[in-house]
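Thanks for making time, everyone.

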Amino acid sequence: MLSHPAHVIAQGFGSGLSPIMPGTFGTLFAWLSFLVLSVRWPHYFTQLNWLVIIAAGFIVGIWTCQRTGRDLGVADHGSMVWDEIIAFWLVLVVITPAPLWTQFWAFIVFRFFDMVKPPPIGYFDRHMKGGLGVMWDDILAAFYTLLVFALWRVY
């Protein structure tokens, strides 16, 4: 991980190095970091600033995941969790303010879509390669999660 700065980012500052369920640990890191940063520095980590961070993080993620995948010899290596971090930050910034219980359910629903990969997520996961492909399928999982929450709020 420490051999290149891209690896540090792509592997979620070490959260993706978990030997079991690295994507889940990356998503937990996203949740914890979102809470800590938003509570500790609320004037800096506003909703608008989070959206800027997420957009920049998506662009940076394309490069870091491309580089890390190439260096590891696997285009979408399991230890790369920056895609989960950016996507779950997006979910949290849209549903916040929300109680921890609601955030927990967002975590569960997001992990479900990220693991099951219903259409078209699975299609993009199989056919879109490189850093953009790594990042894109998790953005779709975030979209599905937000769709579930929007439907839940309507009903």
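So, the largest pocket in this predicted model has a volume of about 180 Å³. Of the 16 residues lining that pocket, Asp-76, Asp-83, Glu-84, Asp-114 and Lys-117 are the closest to its centre. By pocket I mean an open set of points on a 1 Å grid over the protein atoms alone, with protein on both sides within 12 Å along at least five of seven lines, and lining residues have an atom within 4 Å of a point. The one that gives the most is α5, with three residues.

Quick housekeeping: residues are numbered from 1 along each chain as its sequence is written, and side-chain values use heavy atoms, leaving out hydrogens and water. Since the model is predicted, local features need pLDDT of at least 70 and side-chain atom pairs count only at pLDDT 80 or more, while totals for chains, interfaces and linings use all residues.

Now for α3. Which residue is the kink in this helix centred on? Val-60, with a kink of about 25°, the bend being the angle between axes fitted to the seven residues ending there and the seven starting there.

Several residues of α3 are buried, among them Trp-50, Phe-58 and Cys-65; buried means under 20% relative accessible area with a 1.4 Å probe, protein chains only. The buried residues of α3 pack against α1 (5-10), α2, α4 and α7. And just after α3, Gly-73 takes a positive phi of about 80°.

Key: 1 Å grid on protein atoms, 1.4 Å probe; cavity = no way out; pocket = protein on both sides within 12 Å on 5 of 7 lines; lining within 4 Å. Points joined across faces, edges and corners; volume = space filled by probe spheres on them. Helix = DSSP H or I, 4+ residues; strand = E, 2+ residues; numbered from the N terminus. Buried < 20%, exposed > 50% of the residue type's maximum accessible area, 1.4 Å probe, protein only. Contact = heavy atoms within 4.5 Å.
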